[in-house]
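Student: I should like to learn how to read the features of a protein model. May we go through one together, feature by feature?

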Amino acid sequence: MFSLRQPKPTFKSYLLPQADDSIASEPRIKKLEPVLLPGEIVVNEVNFVRKCIATDTSQYDLWGKLVCTNFKISFITDDSMPLQKFHYKNLLLGEHDVPLTCIEQIVTVNDTKRKQKVLGPNQKLKFNPTELIIYCKDFRIVRFRFDEAGPESAKKVCLAIAHYSQPTDLQLLFAFEYVGEIYHNPAKKVNGIDPGGGGGIGIASGQQTPLFETYSDWDREIKRTGASEWRVCSVNEGYMISTCLPEYFVVPSSLADQDLKLYSYSFIGRRMPLWSWNHPNGSALVRMANIKDVLQQRRIDQRICNAITRSHPLRSDVYKSDLDKCLPNIQEIQAAHIKLKQLCVNEPFDETEEKWLSSLENTRWLEYIRAFLKHSAELVYMMECKHVSVVLQEEEGRDLSCLAASLIQVMLDPYFRTIVGFQSLIQKEWVMAGYQFLDRCNHLKRSDKESPLFLMFLDCVWQLLEQYPAAFEFSEVYLTILHDSARISLFGTFLFNCPHQRVKESTEFAISKNIQLGDEKGLRFPCVWDWSLQFTSQDRLLFHNPLYIGKSTPSVHNGALRTFKRSKKNYSSTLRGVPPALKNGIINEQEFLPRRNSLILKLKPDFFQPAEGQSHSMEQYFRDWFAKPVDLHGVILPHLSGTQIKLWKLCYFRWVPETQISHGGSITAFHRVSLLADEVDMLNRNLRQCKSNSSLQGHCLELDQSRMYFRANGLNDTSAAPDFLSSSFPFSPVGNLCRRSILGTPLSKFLSGAKIWLSTETLANED
C-alpha cells in the first residue's frame, strides 16, 4: 500500500543561505557617517541615494547616503568603486566629496513632470526632485538619483546644498567656523599637525615659504635680488594709508615716507608704486595704479619715475606698460573661460569632434594665453637687453599686473621655478599685493567681478613647463592641485580680497565668538602651503618634476663629494648631431621671420615710442636667444606658434570620459622618467655607502628617502606601468566619470548659452 506520509527530501544544498538585500541594506546605510573637520556640522542628509557613475548604464552606480555640511557635500557608501585600483586622496575631502565653494550650479530635475530648475539661495522648490546635478568649477559634473529616497528628504537636502553653497556673508564661509573651533579647542589637530597659520614647508628642500607679512621677509627679498637702492617701507603699518596694500612693501630709497603719504592720495585706491623684483643689471620691475588726479598726474608721475631712475645703477630710463591697453580685460577673460567650460563639458563629446578645434579657437582662451606670454616676454627684453626698469600700470594695479609681473619673474629668475620660490611668488604678487580672490573666484556666488585670472596664470606657467620641463622643480600635478585648492573654503591664502580684509573680518568674528587674539592681527587661517593638511608625504611626491635639473648636482669623484655645475657648453654637447633647424624647438628658419603673434614683432607703443631701430634690436635679441641652447638657470622665453601653445588637458579634461587614455598620455613618460631618476638616486646612495669618508655620512642620510612617487625596484628596472595609470592621473579614477542623464537627456540641454553658469533663473515653467 502507498503511504500517505510525505516522503523525506533527499536533496541537500551545500550553498550558504543568501541574505535578503532589501532587509540588510537599510541598517547598513544608516550606519554610514561622514568624517567631519573641527567646526564642521551636518546640515541635512538623505539615505538610499544613487550616485551615477557610468555614462550609459546604471550597473556601476553606487548606493549610499548624501550629506550636506557647512563645508562640503559628501556621498558616503560602502560600495567599492568599480574598476578602482588607485587610492590617491585628499585628506580633507573624501573620494566623493565636493567643497561648497567649488560648486558652480545646482540643477534639480523631476522626470515625471519633465521639469528642471537651477536652485539659488532662499528659493522654493515646487516639485520633488528625482535627480540632482552638481556643476563644479573644476569642470566636474556629479549626479545623484533619488528613486528610492524619501521625496521630502531629497527636496530638503537639495535646498540645503543651494543655501549653504551660496552664503550671504564672508564670515559664513567654513574657514571661520574651523578656525574658531581651533582657537576654542587648541588641542584639536588635523592630520596630526597644528593647522593654524604659518608658511608652508618646501616639499623638497625643507625651506619655509615666506609669506611677506613681515618687514624681514621683504628685506630678505631685497638682499636676494641685490636691490641696494630700494628699501622696505612701513608707512602703511596698521593699514593707515591704504586698505588694499600690504603693511610692508618696497619703494625707492630716495622717496621719503612723507612724500609717499602725500602722493598716495593721487592714486586710485591709494595704491602707490610697488616694487616687485630687481634684475642683476639693476633694472627694477614695479607695479602702479593709475593716477586719478589729472591736474597732478604729470608732476607726480615724473617724481615717481625719477625716483625709480635714481635707484638704477646706470640711471636708465623707465619704460611704462599700460596693461589696460595691450592685454585683454577681466570681462573678456571671463567670457573666454565660460566658452571653454561649455566646450569641455559639452556632450556627447564625440559629436563635436570634427569642429572641436575651431570651437576651441573661438573661445579665445589660448589667444589670451598667448597674449600674456608674448607681452611678458617683450618686457623681459626691455629689462634683460635694454637694461631699463619696467613699470606695469593698470587702473587699480591688482589684476592684470599680478599676472604679468609673475610671468616676467618666472621667465627671468630660476628661483621662482622652484616649489618654494613659486609659492613665495604667489604670496608676494597675488596674496599680499591685494588680488581680489574673494570676488574673482566668486566664493560667495554673488559677485559680478568673477574672472579666472589666477587660473590663466597657472595655465601660462604650464605652457612654459611644457616647453622647458627641465627648468621647473614642480610638476603639472602640482599646478592643478594648486588650482583646486583655491576652491576650498579653508585656506586663508585664497579667501580674501586683501590682507586688511582678513584682519578686519576675522577680528570681528573673534569678538563675536569671544576669542582672545592677544597680540595677533586677526585670526590665523590655515595656509595652503602647509600641504601636509591635504596630502600624505607619499602623495606629495607627485608634486616633483623628475626632469628638473637643479642649480647643481652632487656627485662623487675619487671618493670626494663634488658639485657638478651644468654650463652652456654641457648643454651644447647634448645637441650635437641635431640639425640647426631643430635646436631648442625651432622648426625652421621661417620661425625667425615676423609673423602674427610672434615675439619679434614690434613692441606696442605704450607711454613713449621706442627709439628708431629698437624693433630691429628686439628682433635680433629673440633671434639670437632662440638660436642658442637653453640655459635652464637663466632666462626662458615662450614659443608662441600655433603648435606650441596647447590646451592644458590634465586640468580641463580630467572629468571627460571620452578623452581618457588608459596607460597613455604624458603620465607614461612621467612614470618612466621617475623610475630613471630614482635609479640614479639609488646609484648615488650606493656610491656613498661604499666610501668610508665621514663627511659623506650626512649626505647619505639625506638621500635615503626618494623624492620620486614612482620608485625603481632595482637597477635596470623594466617593470610595466601600473594598471591604474591613465591620461588624467591622479585625479580621475576609472569608473568615477559621469556626464549623461540616465533617461537619455543630454546635460548639454542645460548649457544654453551662458545661462547655466551665470544665472539662477528657472529653466522650465513649474506651473
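Student: Where is tryptophan 648 found?

Tutor: Helices (DSSP runs of H or I, at least four residues) and strands (DSSP runs of E, at least two) are numbered from the N terminus. Tryptophan 648 is in the loop between helix H19 (614-627) and helix H20 (649-652). Please note that this is a predicted model, in which local features need pLDDT of at least 70 and side-chain atom pairs count only at pLDDT 80 or more, while totals for chains, interfaces and linings use all residues. Residues are numbered from 1 along each chain as its sequence is written, and side-chain values use heavy atoms, with hydrogens and water left out.

Student: Is tryptophan 648 buried or exposed?

Tutor: Buried means under 20% relative accessible area, exposed over 50%, and partly exposed in between (1.4 Å probe, protein chains only). Tryptophan 648 counts as buried because its relative accessibility is 0%.

Student: Which residues is tryptophan 648 in contact with?

Tutor: Contact means heavy atoms within 4.5 Å. With neighbours within four places in sequence left aside, the contacts of tryptophan 648 include Leu455, Trp462, Glu476 and Thr480. For the chain, 73% of the contacts with a separation of 6 or more are between residues 24 or more positions apart.

Student: What should I know about the confidence of the model?

Tutor: The predictor's confidence in each residue is called pLDDT and runs from 0 to 100. Where pLDDT is low, the predicted coordinates should not be read in detail. Here the chain averages a pLDDT of 81, and 76% of the residues score at least 70. However, pLDDT stays under 50 over residues 16-30 and over residues 553-609.

Student: Which residues touch the most other members of the largest nonpolar core?

Tutor: In soluble globular proteins, nonpolar side chains tend to be buried together. A nonpolar core is a set of buried Ala, Val, Leu, Ile, Met, Phe, Trp, Tyr and Cys residues joined through side-chain atoms within 4.5 Å. The largest one here has 178 residues, of which Phe422, Phe457 and Tyr652 touch the most other members. Helix H10 (residues 365-384) gives the most to this core, with 12 residues. Another core, of 29 residues, lies apart from it, and Val46 and Ile73 are among its members.

Student: How do I read a pair of strands, such as E13 and E14?

Tutor: Strands of a sheet pair through backbone hydrogen bonds, either parallel or antiparallel. Two strands are said to pair if DSSP finds at least two bridges between them. E13 and strand E14 (residues 389-394) have 5 bridges in the parallel sense, and valine 318 stands opposite serine 389 in E14.

Student: Which way do the side chains of E13 point?

Tutor: In a regular strand the side chains alternate between the two faces of the sheet. From E13, Val318, Lys320 and Asp322 point one way, and Tyr319 and Ser321 point the other way. Strand E13 (residues 318-322) is mostly covered, with 5 of its 5 residues buried.

Student: In what order do the strands of the open sheet lie?

Tutor: The 8 strands run E4-E3-E2-E1-E8-E7-E5-E6, with antiparallel pairing. Its edge strands, E4 (98-99) and E6 (115-118), each pair on one side only.

Student: How can I check the length of helix H11?

Tutor: The expected span of a helix is 1.5 Å times one less than its number of residues. Helix H11 (residues 400-412) has 13 residues and should therefore span 18 Å, which agrees with the 18 Å between its end C-alpha atoms. H11 is also mostly covered, as 13 of its 13 residues are buried.

Student: What should I look for in the backbone of the loops?

Tutor: Some angles deserve attention. Phenylalanine 212 has a positive phi of about 60 degrees although it is not a glycine; it is in the loop between helix H3 (174-184) and helix H4 (215-225). The peptide bond from phenylalanine 729 to proline 730 is cis, with omega near 5 degrees.
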